[in-house]
Amino acid sequence: MKASYTNALKYIKSGAKLCMILLGAMLLASCEKVVDLDLKDSEPKLVIEADLSDLDTNHVVRISKTIPFTETNKFNGLSGAQVVLSAPGGQKITFTETETGVYKSPRFAGAPGTKYSLEVNVEGKVYTASSTMPLAVKLDSLGFRKLSFFGDEVIVPLAYYKDPKDAKNQYLFLIKAKDEEVQESLTEDRFTNGNDVTETLFTDLDDLAEGDSLEVEMRGLDLPVYKYYFAIAQISGEGGPPVAPSNPNSNFNNGALGIFNAHTTSKIKTVVKLK
Amino acid sequence: MNQFRKVGVIILAILSFAGYGFAQNNLTISGVVKDSLSGETLIGASIRLKGVKDHGTTTNAYGFYSISVPKGEYKLSASYVGFQSLNRTLSLNKNTRLDISLKADNALAEVVITSERRDLNVSSPQMGLAKLNMAEVENVPVLFGERDIIKTLQLLPGIKSAGEGNSGFYVRGGSIDHNLILLDEAPVYNASHLLGFFSTFNSDAIKDVAVYKGGMPSQYGGRLASVLDIRMNDGNQNDFGVEGGLGLISSRLKVEGPLVKDKSSFIISGRRTYADAFLKLASDTAIRNNVLYFYDLNAKLNYRLNQNNTLYLSGYFGRDELGLNKTFGFDWGNSTATLRWNHIFNNRLFSNTSLIYSNYNYVIQSFIEQSDFKVKSAIQDYNFKQDFQYSLNQHNLRFGLDVIHHTIRPGKITASEASSVNDDKIENRAGLETAIYISDEWKVNDKLNITYGLRGSAFSAFGPGNFKTYDQDGNTIATRTYAGGDIVKTYINPEPRISASYQLRKSSSIKASYTRNTQNLHLMSNSTSTSPTDLYVMNSNNIKPEVADQVALGYFRNFNNDRYEFSAEVYYKGMTNQIEYRSGTDLRGNNNVEGDLLYGDGRAYGLELFLKKRFGKLNGWVGYTLSRTERQFNDINGGSWFPSKQDRTHDVSIVGIYKASKRWTLSSTFVYNTGNAVTFPNGKYQLKGKTVFYYSERNADRLPDYHRLDLAATLEAKPGKKLQSSWSFGIYNLYNRQNTYTMDFRDDPDDATKTQAVRTTLFGIIPSVTWNFKF
C-alpha cells in the first residue's frame, strides 16, 4: 500500500492545493514566478548510472560529470573508464565504450537473486557498488478506472500483480502514454505483502483518453536502490511535504553520485479502455 | 486529599529545617483579586503595602495573592492596568483575608497594552518573559482578519514565524516542537489549523498569554526552548453575555454567564470556518463533494465550593476535516481536558491540583475500490500535577510534582477484505515522565532579587514492544522484546534554574540567568513545513533526551514614569541530542524509524532589543533580534556546523496602535527578516533521462529578505441599548511584496534543455473585514 499511502499524501498535497485555491479564489492567489538566481557552481562531480536487468540485452553504464545549473541540460559523458561487472563465482564481464560516457556490455541476461558488483576505474580512482537483483515479479495485467479530482474526471491506469509473501519487494513503474511522456511511480510491499495487488498508478497525465496506447514497465528494485529513488522523489516534494534537499545515498563508494541498479523487468503494452 | 495535605506539611517541615524558619511576628494578608463586572479573576494584578515595611506582590494564575509583613498600619493599593486602582488603609493585627474587586476603567481614551505592575519588568528576576494582553491581540493586524495570539507573539523579539502565515514558531533557535504549548495546563501537540495558517487558539476564550523564551521557572519542563502558557476565561460570574464575530474565513460565538450566583459560572466559545460553503455553490458535483473546514470548541466551568476551595473544569476540542469527493478523507485535531482544584490551605499556602488529558490524532482514509484503507495515529497524555505556592516573608516558594503518562500510536492500518492493503500496526510506545521541582523567589534586599530552583526530571520508556538496536547504517543488529510494564530505559536529568536581578536605580536593573531544560518527546520533521502527519517519538534505548543549557544577560529600563520600557538581552544556548533523519527516510508506517535517525548538536546565540510604549494615544513597540542558529551532525554537511532553518540574522518588528478617536483605533505592523537558510543546487546531472540536482553544502544559501507592512482599523459602532458592535478592517501586505515562500528548481516546461528557479509567493495584498458583536 505504500503506493496508496504515497497517494494519500498526494491527496494531502492536493488538499493543501485546495486550501490555496479556496483562499486564493476568495482573495488573491499564490503565484509562481521564474527568477534569476546567482547559484554557486561546484567542481564537476562524477556520476555513474548503471543498469542491469534480467532481459537478454546489452546492459548500459553511463558515466558523466555534473554541469553548472545554468548550462543547457546534457549528458556530460566521460570517456576512458574501465567498467567491469562481477557475478558470484568469479565471472567477469567487461563493458566497452560505444559513445562518449556510454559503456555497454555484451548481450546477456542478468540472473534474478544474484548479487552483482560493479567496478569503475576512471581518472585514476576506483569506484565500486553492489546490487542484488530481486526475484522476478510478473506484471499480470493492466486496467483503468475513472477518478475525479476538483471536478476533473481523469482516467488512471491500474496495475495488477501478485506480491510474493516471503520477500520484501520494491517496485518502480515506468508509464509511457502515447509512446512519449514517461511517468514514474514508486512503491513497496510494506502494507501489501503477499497480496493480489491492485496498484493505482497516479500520474500527471490528465488527458488520458480511451483508445490511447499505454505501456507500463514494472521493475523489481533492490532496497538501497528504492531508497535512492525515494530520496530524489522526496526532495522534489513527491509523496509528502518537501524535505531539506541533499544528495541521495548512492551505493557507490568514494563519493560518486548515481546508482547501480540490478533490477527485474516486466512490461505490458495496451490500449486505454474503461470496463 | 488528606495525603496531599500531609505531603504539603512534610515539605514545609523540611523547608523550615533547611533554615527558612517561620518568622512568628509577621502577619499575612491574602485573597483573590477579581474584575467587579464579570467576576473573572485577574492574573498578575499588583498588590502593594506601604507602612511599617513596604512590600508588594502580584496575583498568581488564579488571582490569588499573599503578603507577609510585620503588624501595623498600612496603605494597601491594588491595581491592574485598564482598571481603577483601589486604595485603602488597614491596620493589620491578625492574619487577614481580603478579596478585592476592581472596576474596569471604561473612560480610558487609550489602548493599554500591558497588564503587569508597571515596574515588574525591571524588579522581577524573571528574564525572557513576554506577556500578551488580549487588547493587543484584538488590535494588531493579522492575515484574513483572524485574531491570532500566536501570530501576535511572533512580532516579539526572539520569537520567529516558521513561515509565511504560519502559526508554528521558533524561539531562540529552537524547533517548533521545542515549544511547550499549554492551554489551561494541557499540552497541545499540534497547535495549527488548515495546514498551519491558523492557530488552534480562539482568542475569544482566552484570558491570559505568557511566553517564556528563557529563564524558564522550574514548574515548567519537558521542552527545550519555550513555554507558551495560555489561560482560558472562567466565564462571567454576574451576567449572561453573548459575543461573536463574522469574518471572511470564520465565524465565532461565545456564551458565558453565572450558573449559581457567586458560586459557579460557565463559558462556551466556538469557531468554525466556512470556506467550504463556497464549494457548495459550485455547479459541478465533483467540486461540491469536496470538504474542507475546521472548528474549535472551548468550554469551561468553575465552581466555588467555599472561600478556600474552587474547582475548574475546562476543555478544548478542535478538528480539521478535509475530504476529496468521496475518494479520500483526512481529519485531524486536538482534544484536551483539565480538572483543577484550587485550595487555600492557609493565608500563605496555595495549592493547585490538576488532572489533565490531552490527545492529538489524525485519520487518513482512502475509499478507492480495491485499495481502500484507513490509517489512525495518535499521541495521548494523562497528566497529574500538584503545585504549591508558599509565601514566607522575603521568600516565595513554589514546589510540586508533575507526572505524565504518554502513549504514542504511530499508525494503525485497517482495510476491507477486498483491499490490496493488509491490516498492520506500528507498535505503540509508552513512557512515564516524572518531575519534582522547587524554586524560591528570594528578595535578598531592596536591590537584589534571586529566583533559584531545581527541577528533577525522569523519563522511563515502557514495554510492551520490540526494541531494536541498530548499526551505523541503520541496519537492525538486535531486537529485545519487553513485556507490558517492563522498563526499557530510564533517563534522569537534574535541571538547575537560576536567575537574578539587581536594581541599579529605581527604574533600571541588570539580570542574569542560567537554565537547563530537557526534552523527552521529539517531533520528527526535517521537512520545510509542518504537517498534520508529523510524527512524534519518545526517548527509547536509542533516542536520548535532548538537553539545552541557556545563559542570558539583560539590561532592563523604564523611562518617563514607566510609560516606556526598554530591554536588551543577550543569550547563548547549547543543545545536545538534536535529531534529524537520513535522506530518503520514510517516516510513514515505519517500524524502524529509529534506525534512520541522526543525532547531533545545536547552538544559538543572539541579542534582542525591545522598546515598548505602554500607555497613551499612540503605543506599540519596536523589536530587533540579531542572532545565529546552527546545527552539527556527523553525517550531514561533512560534519561541519551549518545554519539551521531557524537561522535569521536580522529580525525586526514594529507595531503601532493609535487610538484616533473614541470610536476609531488604527494599527499597523511592519516586519523584516533575513531570508531563511536554504540549500540551492550547485550543479546538475542526468539520471534515467531526467535532471537531478547536485547539492554541496547544507543551508549555505538564503531566500530573499522578507518584509511586509500590514494595516488595521477598528470602528466601534455607536453603543446601542444592548447590542455593542464593532467593525475591523485589515490589509495584509499593503505594498504587495512578493515574499518568497519556497524556491523550487525544475526543467523549464517550455524548453526541456533548460532548468529554472521558480519562486512561489503565498500571499500578496489581502484585505479583510470582520464584524464583531456583543450583547
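How many bridges join strand 12 of chain B to strand 13 of chain B, and in which sense do the two strands run? Two bridges join them, and the strands run antiparallel.

## Basis of the model

This is a predicted model, in which local features need pLDDT of at least 70 and side-chain atom pairs count only at pLDDT 80 or more, while totals for chains, interfaces and linings use all residues. Residues are numbered from 1 along each chain as its sequence is written, with chains lettered from A and ligands numbered from 1 in the order in which they are written.

## The sheet of chain B

Strand 17 of chain B pairs with strand 12 (residues 179-183) in the parallel sense over five bridges, and with strand 16 (residues 206-212) in the antiparallel sense over six bridges. L228(B) is the bridge partner of I181(B) and also of V211(B), whereas L182(B) has P187(B) of strand 13 as its bridge partner.

## Burial of strand 17

All seven residues of strand 17 (residues 226-232) of chain B are buried, that is, 20 or more other C-beta atoms, placed from the backbone, lie within 10 Å of each residue's own.

Methods:
Buried ≥ 20, exposed ≤ 12 C-beta atoms within 10 Å, placed from the backbone. Helix = DSSP H or I, 4+ residues; strand = E, 2+ residues; numbered from the N terminus. Pairing = 2+ DSSP bridges.
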